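Subject: Structure handover

Hello,

Below is the structure I said I would pass on. Please look it over before reading my notes, which follow it.

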Amino acid sequence: MGQMTGRDDSGADRRTYTLGRYPEDQKPLLSGNALSDWGQKHRVRSFGWLDGGFTSVSNASGLVAEAPTPNRFSNQFMLDAAWVVLERSTTKALSWGFRTDFYAGSDAALLRSQNHFGPDSTRWGTEFRQAYFKLHTPILFREGIDWTAGKINIPTGVETTLSPYNQLYSRGYFWTHDGSSGTALFATAHTNSQTDIVLGTAMGYNTSFILRGRAPSYLAKLIYHPTTERKQQYLITVYTGPKPLAAASNHVGTWQTLAELQAREVWTPRFNQAFDVGYFSDPHDSANGRHNSGSQDAFVISSYELNRIAALQTRLEWFADPHGARAAVPGSYGEATAGITLRPKPWFEFRPEIRGDFSGQHSFGAADSPIRHRNELSAEFELLLKGRIF
């Protein structure tokens with residue numbers, strides 16, 4: 001089984017005791033040839049995945065309003081993403097690297113940047129989700145400082161755009177409303193074996209090397225591991241600026257701030273959880289009488305390994321947006337999701353799940369219908385193929 005290590009785009013150590021391997025950890029499809037030999041010599045590798053699925057939502061067909069996301073089309077099989085990564089890793093010495101993530105599919109149509117290229121369809125898009133330069137400098141601290149510059153997934157939240165690193169097919173409200181990528185410069189200082197500090201600036205949400213807003217946004221993140229085994233992680237993040245994250249139409253104040261507290265715990269080799277609490281502040285909101293349009297979110301994601309090919313996952317979440325700064329309909333929301341991951345082969349996953357969404361107002365339904373409901377039930381499954389190229 002074995003534990004996996006690395007870093008996800010939340011900035012925390014990615015560490016799981018559940019079954020399977022990530023795409024980059026698998027045996028290369030191309031090995032023993034000139035390309036693989038060159039990649040090994042120069043610390044260059046390529047990997048990727050294909051994922052798609054089917055979602056059925058009560059009281060809705062076609063494009064669904066508000067939830068679930070990104071599998072937002074009911075009664076239609078969707079190719080969510082065909083994803084290819086090319087990266088060069090750094091070492092503990094002075095070294096440089098890079099990473100590019102190109103993908104196509106319905107996820108790219110949902111998340112395309114302001115100055116995107118390719119089709120404008122609601123069901124199909126193309127995008128470079130990430131394209132950044134990396135530099136490791138062995139200065140100031142024992143493990144040095146890592147620098148990244150370019151288009152980067154902003155390190156907030158637990159869930160990510162990259163499907164193989166998520167526990168469930170659908171995403172929570174935090175990811176839907178407070179997840180983003182953008183052009184940024186980040187420095188990660190590994191101050192000691194237990195503490196990392198991330199500082200940086202970004203050019204606003206979903207941009208590719210252009211400034212969105214009147215000024216850059218800024219991020220500060222503290223990652224703390226109480227023990228050297230790193231079975232526990234505590235994270236504090238502040239992301240602030242004129243336009244750090246997307247807001248509902250006309251709900252843009254003078255300055256926005258996301259504050260987030262997160263805890264990750266590996267309780268046993270089979271059971272792990274992630275807890276997250278976030279608050280978004282949007283002061284002087286012109287659509288709210290120049291008052292602050294705050295929103296709050298809290299969720300817990302749990303995973304329990306049943307055996308060598310199956311694991312159970314759950315997510316419970318509460319999201320409040322009383323002024324409609326994030327969601328289409330102001331109010332309170334909740335969701336409960338349960339799923340199972342079946343991984344008979346390291347390169348193949350089947351993820352069925354069932355999800356219930358609840359609100360204190362009429363929020364759910366088909367996007368092209370004026371009829372809205374307080375509750376929504378959805379059943380979905382995801383097929384995921386993943387592997388390393390060289």
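A residue is called buried when its relative accessible area is under 20%, exposed when over 50%, and partly exposed in between, using a 1.4 Å probe and protein chains only. By that rule, 54% of the 390 residues of the chain are buried.

Two notes on the source. This is a predicted model, in which local features need pLDDT of at least 70 and side-chain atom pairs count only at pLDDT 80 or more, while totals for chains, interfaces and linings use all residues. Residues are numbered from 1 along each chain as its sequence is written, and side-chain values use heavy atoms, with hydrogens and water left out.

The whole chain

The chain has three helices and 19 strands; these are DSSP runs numbered from the N terminus, with helices being H or I of at least four residues and strands E of at least two. Along the principal axes, the C-alpha atoms fill a box of roughly 60 × 45 × 45 Å.

A contact means heavy atoms within 4.5 Å. Of the contacts in the chain with a separation of 6 or more, 60% are between residues 24 or more positions apart. Ile154 and Gly182 are 28 residues apart in sequence, yet their C-alpha atoms are 6.7 Å apart in space. Ile154 sits in the loop between β7 and α3 (173–178) and is buried because its relative accessible area is 2%.

Strand β12

Gln256 belongs to strand β12 (residues 256–266) and counts as buried because its relative accessibility is 1%. Leaving aside residues up to four places away in sequence, Gln256 touches several others, including Tyr239, His251 and Phe280. Its side chain also makes a polar contact of 3.5 Å with that of Asp282. For a polar contact, two N or O atoms must lie within 3.5 Å; within protein, one must be able to donate a hydrogen and the other to accept it, and residues adjacent in sequence count only if both atoms are side-chain atoms.

Arg264 is also in strand β12. With a relative accessible area of 12%, Arg264 is buried, and its side chain makes a polar contact of 2.5 Å with the side chain of Gln262.

Most residues other than glycine have a negative phi, and most peptide bonds are trans. What, then, is the peptide bond from Ala67 to Pro68, cis or trans? The bond is cis, with omega near -5 degrees. The peptide bond from Thr69 to Pro70 is cis too, with omega near 5 degrees. Pro68 lies in the loop between β2 (62–65) and β3 (73–74), and Pro70 is in the loop between β2 and β3 as well.

Glu66 is found in that loop between β2 and β3. Glu66 is not a glycine, but its phi is positive, near 75 degrees. Glu66 counts as buried because its relative accessibility is 15%.

Leu140, in the loop between β6 (125–137) and β7 (145–153), has a positive phi of about 65 degrees although it is not a glycine. Leu140 counts as exposed, because its relative accessibility is 74%.

Regards
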